[in-house]
Amino acid sequence: MMGSVAVDLKHLLQEDGYSEAEILAELNGQSSEQYIYQPTEVRYLNEAYDYPQTWNELFFKVGEVIGGSDPIQVEILMNAWVQQTAVFPSDYQIQLEPYIKQLTGGYRESSWYNHFSGTFINMYYKPTVVYKDKDRYHNYSKWVSLMGSQLELLQRYRIDGVRLPLLSLPTHRPFWIAPTILVKRILAYQEAGVRINLLDLSIALSRTVREDLEGIEVLIKQIKEQQVQDVISYALGLDPMKVQQQSWLKNLLSSKDSDEVNWIGVWATVARTHHRDTYFEEFTKEPLADIPFAGQPFRPALKIEPTYYNGYNYTTRKSEQVYNGDKLTYHFPSYKLGTETFLYHKDIFNRGNNTLSSYYLYRADIAYMHSLMPQNTESLSMFLTMGLNSKSDIGGKSSAAYLQEMLYDFFRFDQQSNLYLATSLFNKEKEVRAMAVEVILAAVNENRLDTTVLGEQLGMLLSNGYGPIGRCVEVLEQCRDISSKHNNALLQLLDAAFAHYIIAEKMPTNFKKIVEYYYDLMNKEQYHFTDDLQQVFEKLEIYKSLQPILKKIRK
């Protein structure tokens, strides 16, 4: 015990020394550390995937996919299934029978899994026929339906004897693609005379990171097709955009599946992947005119609107609209395909008054959605907020899945993901709130939590009675006293929340608990709030029950 004290106090005895107040604060566990939002660059290409090479490895991978929950393993398995047909034993179908029985009789709440299951069963029984899953609910999310598109392409490759992986196959955990490997795959397609699928290329470029670029330019110059050269160089930050323009009339008259149209979608995907705030005039015309996130970021005003359901009044013996609480909403445009190769808009469209949207958004599918657009999550965060968190009681435990993705150290919070996190503090499911705690603690520890933006969203939600405040306080309580740095971040978060809180005539239930929490934390940390917040606290004194605690805070 005494030895540990000596180690703990070693830094207090350095040459520069500390004041008496600082030493006492350290001894009492009260040393303060300011939190500074300063996300750092992290390395992406850390752990490479091993692909199955032998039949035993393939056979094991089938079981891993059936029993697992990682959609990337499906991509790894199915790409290897196409490439490694030479290692299949003559009795491979007999060996696969137990797995086929599992797939045939099983059910999984996952659209990507259903796409895989249907495809694998079809490849077993009808290997020369391309299977396409047309089930409405498996394709409810246009993003998740891209798993079906990838599997269709792999089936065609297998039938045509193409023994090459998709360009979009991840090379490194969890879903990244190394630039050098992508270029080498393109060169392999070139050598084999295989035409590049532009949707596959678009997904690949969305997953490709700007790392390990040494010698890449020499490889790129070996690509014969100039537009492929140009888009790769642009995606890796080596050259400016060189999108090939054509007249609006030609774009309008072109087939939606034509190369000219699909190339525009590829360029737009790459542009939005690396420039989330930029206006691109090139993509404001057909086929991407009025497409969210194409020419410019899509950031409509967030609204709070009442919801109703049809109820039966036994007194009047008539059906009537019954108020069912308020919900967050964005005005989404009507559905427009634009081009299949542009990724960021696919699920951003108006589905009407669909109260079952959260029912068809399976938690198992969210990791795959994230893997398609991992470098710019704005549109995904918007879609999932509306689908799972528009009300505090609709998403169930599925809401935790996207929070799980936010634990990656490379995840960067923007306005939309901060809104998702803020709404999760009020979620009725303990699992979701517990995951929100984990996200806040990890993000503060890594200096990537923007407390100002998250606080603004929290203040807005408090102002509009989004959910029970007691749930939010419970989350905040679990985040406190991890370290002085974490406490300081929580105080900054509440500073922003109070500053953006709109005072209503009646104080929300349990609002006092947040104020008391703030006072306890600031007292512990000897925290001094800004002059602007002084005025906020003065206005809050309109609530009589808050006056005693506010006077303590203002002292």
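There are 19 salt bridges in this structure, a salt bridge being a side-chain nitrogen of Lys or Arg within 4 Å of a carboxyl oxygen of Asp or Glu. Keep in mind that this is a predicted model, where local features need pLDDT of at least 70, side-chain atom pairs count only at pLDDT 80 or more, and totals for chains, interfaces and linings use all residues. Residues are numbered from 1 along each chain as its sequence is written, and side-chain values use heavy atoms, with hydrogens and water left out.

**Salt bridges around Arg-43**

- Arg-43 and Glu-211 pair up through their side chains, at 3.4 Å from N to O.
- Arg-43 sits in the loop between helix H2 (20-27) and helix H3 (55-67), while Glu-211 is in the loop between H9 and helix H10 (216-220), so this pair ties together parts that are 168 residues apart in sequence.
- Arg-43 also has a salt bridge with Asp-212, with the closest N and O atoms 2.8 Å apart.
- Asp-212 lies in the loop between H9 and H10, so its link to Arg-43, in the loop between H2 and H3, ties together parts that are 169 residues apart in sequence.
- Glu-211 is buried, at 11% relative accessible area, whereas Asp-212 is partly exposed at 43% (buried means under 20% relative accessible area, exposed over 50%, partly exposed in between, with a 1.4 Å probe and protein chains only).

- Lys-61 is buried, with a relative accessible area of 9%, and Glu-64 is partly exposed at 31%.

- The protein's average pLDDT is 92, and 91% of the residues score at least 70 (pLDDT is the predictor's confidence in each residue, from 0 to 100).
- Residues 1-16 have a pLDDT below 50, and beyond near neighbours in sequence this stretch has six contacts in the model (contact means heavy atoms within 4.5 Å).

Definitions and conventions: Helices (H or I, at least four residues) and strands (E, at least two) are DSSP runs, numbered from the N terminus.
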